[in-house]
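Please keep the sequence and the structure open while reading.

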Amino acid sequence: LLWAGQGITGEASGQRLRAAPSAGALYPIETYLAVREVVGVPAGLYHYAVGDQALEQLQSGDRSAALARAALDQAVARSADVVLVWSAVFARSVWKYGQRAYRYIYLDAGHIAENVALAATSLCLGSCPIAALYDDEVNALFGLDGVEESVVYMTSIGRI
């Protein structure tokens, strides 16, 4: 699922290309995970290191209740096996596109989420995109400052 969203697919002109398109190939979107129940991955909060194709553990333990509260108490966030959380590092796009960057950032997040939804379906998993969330609460959970980097979108994944 992570590779389908942002995995490295090749290289062109010294630039690593990813599975989802990005305006100007600037890749402002970061992927975080709230794992509740995934075989081989302890419950906790993680960051996906794209270049290494590795998970970096930020916190251990099931944080699904806190994430669900931050997602306006949506049951899909509480019961999901994993919730993918996408943030934007705004400067990666703003330097080139100015105000227009914010539009592109949301498009980039949407492309990634769609790739993940398609991959989940192919694995007979359910997915549900989540845009209704309290930014400050999600940012605090993952240690994001909300200014330089902030949550923009989430998707819950679970067994059907």
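The model is predicted, so local features need pLDDT of at least 70 and side-chain atom pairs count only at pLDDT 80 or more, while totals for chains, interfaces and linings use all residues. Residues are numbered from 1 along each chain as its sequence is written, and side-chain values use heavy atoms, without hydrogens and water.

**Aromatic pairs**

- The structure holds 4 aromatic pairs (Phe, Tyr or Trp rings, the six-membered one for Trp, with centres within 6.5 Å; planes under 30 degrees apart are stacked, over 60 edge-to-face, the rest tilted).
- One of them joins tryptophan 86 and tyrosine 153, whose ring centres are 6.1 Å apart with planes at 45°, so the pair is tilted.
- This pair links distant parts of the chain, 67 residues apart: tryptophan 86 is in strand β6 (residues 82-89) and tyrosine 153 in strand β8 (residues 149-159).
- Tryptophan 86 is buried at 1% relative accessible area, whereas tyrosine 153 is partly exposed at 21% (buried is under 20%, exposed over 50%, partly exposed in between; 1.4 Å probe, protein chains only).
- Tyrosine 97 and tyrosine 104 form an edge-to-face pair, 4.8 Å centre to centre with 80° between the planes.
- Tyrosine 97 is partly exposed at 24% relative accessible area, and tyrosine 104 is partly exposed at 21%.

**Alanine 109**

- Alanine 109 lies in helix α5 (residues 100-122) (helices are DSSP runs of H or I, at least four residues, and strands runs of E, at least two, numbered from the N terminus).
- Alanine 109 is buried, with a relative accessible area of 1%.
- Leaving aside neighbours within four places in sequence, alanine 109 is in contact with Ile29, Val152 and Tyr153 (heavy atoms within 4.5 Å).
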